[in-house]
Amino acid sequence: MADFRALLLTDVVDSTKLSEAIGDQAMAEVWAAHDRVARDLLPQWRGREIDKTDGMLLLFDTAADAVNYALHYHGALASMPMPLKARAGLHVGPVILRENNAEDVARGAKPLEVDGLAKPTAARVMSLARGGQTLLTPEAREALGETDLATQSHGHWMIKGVSTPVELFEVGADPSLFAAPPDSDKVYRVVESGGRWLPVK
């Protein structure tokens, strides 16, 4: 049975370039500091870590908790001895939570798996964000409801592999810093005209 949850995906930008510049040992220390910062924020916003690569897949019960986590996470990364920037994408939708058995966990499996289309949806939105930016799907924006934070629509975007355009929203404390994603061969902004979606360019 599916549950509606908020899925937040993060990704540290230019981490490979930084690793090449400072070396594996120094980068391991940077990752340890990043992980400590990211994990220490989770209890305050009732989040759970599901997976980790160059960022994290995090699970929240509400969009408000996920958004507040994301904004504090961005701030914490900027305050690190070696400041980092991460992109973040949030989607709220049905997920299937599947627990791995203890034997598999002992072999290195994650305790909890998240299945369903909500995960790739959040991943696509996250991939469009710039460093320090948090983007939301329409479902996440609706679930967020009224908020004292600034929110802005960046219009509809055609994303490779997605059949219909997706409206993107940005959330943050300072709307003067908001910026739409750049067009590319995999994603571009569209407008509806005469029942058809046409590239803005």
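A pocket, on a 1 Å grid over the protein atoms alone, is an open set of points where a 1.4 Å probe fits, with protein on both sides within 12 Å along at least five of seven lines. This is a predicted model: local features need pLDDT of at least 70, side-chain atom pairs count only at pLDDT 80 or more, and totals for chains, interfaces and linings use all residues. Residues are numbered from 1 along each chain as its sequence is written, and side-chain values use heavy atoms, without hydrogens or water.

**View 1. The largest pocket.** Its volume, the space filled by probe spheres set on grid points joined across faces, edges and corners, is about 370 Å³. Twenty residues line this pocket (an atom within 4 Å of a point). Leu 71, His 74, Gly 132, Gln 133 and Leu 177 lie nearest the centre.

**View 2. Lining of the largest pocket.** Helix H3 (63-78) and strand E8 (166-172) each give two or more residues. Helices (H or I, at least four residues) and strands (E, at least two) are DSSP runs, numbered from the N terminus. H3 gives the most, with four residues. The classes are 10 nonpolar, six polar and four charged. Nonpolar means Ala, Val, Leu, Ile, Met, Phe, Trp, Tyr, Cys and Pro; charged means Asp, Glu, Lys and Arg; the others, Gly among them, are polar.

**View 3. The second largest pocket.** The volume here is about 300 Å³. Of its 16 lining residues, His 91, Thr 121, Glu 139, Val 162 and Val 166 are the closest to the centre. Strand E4 (86-99), helix H5 (118-128), helix H6 (138-144) and E8 each supply two or more. H5 gives the most, with four. Nine lining residues are nonpolar, four polar and three charged.
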